[in-house]
Amino acid sequence: MTKKSLVKTDIVKVEDKKAVRSFFKILGGVADAVRSWIGNISPDLSNSCDIDSLVLKMNECLNPKGGEVSARKNAVSLGNLYLSLSEKGKIKFLQTLAEKFNPNKAEIDEKIREYKKNQDPELNYKFEQDLIKILESPRSKILKQFISLPEGLKFIVDMRSDVLKLKNQYRSLNPLESELKNILYTWIDVDLLDLRQITWDSPASLLEKLIKYEAVHKISSWNDLKNRLGLCFAFFHYKIPNEPLIFVEVALVDKIADSIQHLLDESVPSNDPSSASTAIFYSISNTQAGLSGISLGNFLIKRVVEKLSQEFKSIKTYATLSPIPGFTKWLKNNLNQDVTLLGKLNIKQSSAEILESAEQLKINVECINETKQCMLKLCAYYLLKVNNSNGNAYDPVAHFHLSNGASIKQLNWMADTSEKGISQSAGMMVNYLYELPKIDNNHENYVVNKVISCSKKVSSMLKE
């Protein structure tokens with residue numbers, strides 16, 4: 001094992017933009033019919049006849065003429081049609097599915113009336129099951145047919161990715177997005193996921209995906225990748241066996257890391273992992289945009305901690321080295337608005353001077369101590385006191401780790417001097433500490449009471 005086993009500590013939503021041209025393994029005898037049917041419809045679904053044909057095909061999926069083979073044939077043809085459409089055509093496809101295949105309100109009202117009128121307790125269960133059945137929308141029934149097909153789960157993941165990009169512009173897609181998410185909740189269950197270690201000996205196609213999906217700290221070369229693969233773990237799903245859903249890199253070191261440059265430096269001699277005292281999770285990457293909002297990172301970290309604690313008895317400390325992606329954006333948007341903030345923090349510099357100092361860091365990372373202390377204090381305030389509308393930490397990475405039961409251990413000045421690091425957080429990074437006996441209590445305090453656990457070193461910054 002190399003010195004630096006990386007664990008990706010930030011959740012980054014990465015979208016695979018490469019079109020999937022051959023998504024389903026079409027059974028013999030079906031392919032010609034599918035190609036013929038698709039060929040009669042324009043990629044833009046540009047006329048009413050195209051929409052009529054689409055609605056007809058969707059109805060055939062709901063009410064297939066024939067047995068299971070016919071049902072699969074219909075689902076295959078509908079899925080391949082979607083994949084063949086232009087962006088404009090996909091929008092019309094999704095709108096048609098969302099708007100024309102709602103639950104039948106009249107049937108629901110009638111079944112509720114029958115249920116209320118029923119006086120026979122023995123029939124209650126029957127009426128309840130009937131009601132559950134008709135409450136499920138026809139579009140949901142169509143979507144579930146894809147799951148049984150080869151690559152069907154990936155198709156649903158990618159369709160939700162498309163819908164997520166469109167739903168703010170097309171509000172009618174919101175119910176469709178919710179149903180896609182519910183289907184994925186059922187299938188992307190942690191008990192259905194396989195934790196695998198990715199090594200330099202893993203297939204090249206898989207290693208290329210790591211390079212592609214890494215968005216926290218860009219992988220610059222194959223040597224850089226090899227340096228990171230001392231400890232790299234990923235969740236896989238048996239229905240998407242060659243595609244990691246999320247992966248994490250871990251570094252085994254002698255103390256809590258305070259610089260990503262040092263951690264990723266290929267010239268630094270390797271440590272003996274058997275004597276390492278600290279595991280640093282420094283990058284977590286979600287690979288599927290369609291799984292946004294479906295929590296996997298917390299389970300991945302916990303599973304990796306369990307595995308490492310069994311394999312490396314010398315490891316006593318589990319922490320992250322995390323970016324602070326929202327800090328400078330918040331600083332620019334709010335520093336001039338909150339005229340009392342600098343006074344409360346006993347900061348002598350003006351807001352204009354602070355913002356100018358942040359800009360100067362992009363040119364010269366060498367900074368006078370006064371600016372350093374000012375930025376660290378403002379960053380501590382940002383992490384500990386700035387909340388979103390739900391009362392959670394405003395910074396998304398902070399919210400992720402705090403909701404998992406971590407605490408804020410320390411802020412690190414010039415921990416990431418890359419262009420991205422300077423731009424998003426003035427070069428600062430933060431360590432979140434996972435203390436196993438305190439995780440459950442920290443989680444409950446944060447989620448229920450909105451209390452953030454942090455070290456005295458960090459909290460005291462606001463009082464200096």
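This is a predicted model: local features need pLDDT of at least 70, side-chain atom pairs count only at pLDDT 80 or more; totals for chains, interfaces and linings use all residues.
Student: Fine. At what angle do H7 and H8 pack?
Tutor: Helix H7 (residues 138-147) and helix H8 (residues 152-166) meet at about 135°. Their axes are 6 Å apart. The two helices are therefore oblique to each other.

Student: Which residues make that contact?
Tutor: H7 supplies Leu143, Phe146 and Ile147. From H8 come Gly152, Leu153, Phe155, Ile156 and Met159.

Student: New topic. How many residues are in the largest nonpolar core?
Tutor: That core has 110 residues. Phe93, Phe327, Leu378 and Leu383 have the most contacts inside it.

Student: Which helix gives the largest share of this core?
Tutor: Helix H17, residues 369-385, with 10 residues.

Student: What does Leu378 touch?
Tutor: Leaving aside residues up to four places away in sequence, Leu378 touches Phe327, Trp330, Leu331, Leu335, Leu341, Leu342, Leu345, Ile347 and Ile354.

Student: And what is in the second core?
Tutor: It is separate and has 14 residues, including Ala251, Leu264, Met429 and Leu433.

Student: Where is Thr278?
Tutor: Thr278 is in strand S5, residues 278-286.

Student: Is Thr278 buried or exposed?
Tutor: Buried, because its relative accessible area is 3% and the cut-off is under 20%. Its contacts, not counting residues up to four places away in sequence, are Ala251, Leu252, Val253, Asp254, Lys255, Ile256, Ile315 and Thr317.

Student: Which side chain does Thr278 join in a polar contact?
Tutor: That of Ser277, at 3.3 Å.

Student: Over to Gln261. Which helix holds it?
Tutor: Gln261 sits in helix H12, residues 260-264. At 30% relative accessibility, Gln261 counts as partly exposed.

Student: What does Gln261 touch?
Tutor: Met414, Ala415, Asp416, Thr417 and Ser418, again not counting residues up to four places away in sequence. The Gln261 side chain also reaches the backbone oxygen of Ala415 at 3.1 Å.

Student: How many residues apart along the chain are Gln261 and Ser418?
Tutor: 157 residues. Their C-alpha atoms are separated by 8.6 Å.

Student: Last one, H5. What span should it have?
Tutor: Helix H5 covers residues 105-117, so its 13 residues at 1.5 Å each should span 18 Å. The end C-alpha atoms are 18 Å apart, which agrees.

Student: What happens at the start of H5?
Tutor: A side-chain oxygen of Asn104 comes to within 3.0 Å of the backbone nitrogen of Ala106.

Technical notes: Residues are numbered from 1 along each chain as its sequence is written. Side-chain values use heavy atoms; hydrogens and water are left out. A nonpolar core is a set of buried Ala, Val, Leu, Ile, Met, Phe, Trp, Tyr and Cys residues joined through side-chain atoms within 4.5 Å. Buried means under 20% relative accessible area, exposed over 50%, partly exposed in between (1.4 Å probe, protein chains only). Helices (H or I, at least four residues) and strands (E, at least two) are DSSP runs, numbered from the N terminus. Contact means heavy atoms within 4.5 Å. The expected span of a helix is 1.5 Å times one less than its number of residues. A polar contact is a pair of N or O atoms within 3.5 Å; within protein, one must be able to donate a hydrogen and the other to accept it, and residues adjacent in sequence count only if both atoms are side-chain atoms. Axes are lines fitted to C-alpha atoms, for helices over the stretch in contact, and angles run from 0 to 180 degrees between N-to-C directions. Angles under 35 degrees count as roughly parallel, over 145 as roughly antiparallel, 65 to 115 as roughly perpendicular and the rest as oblique.
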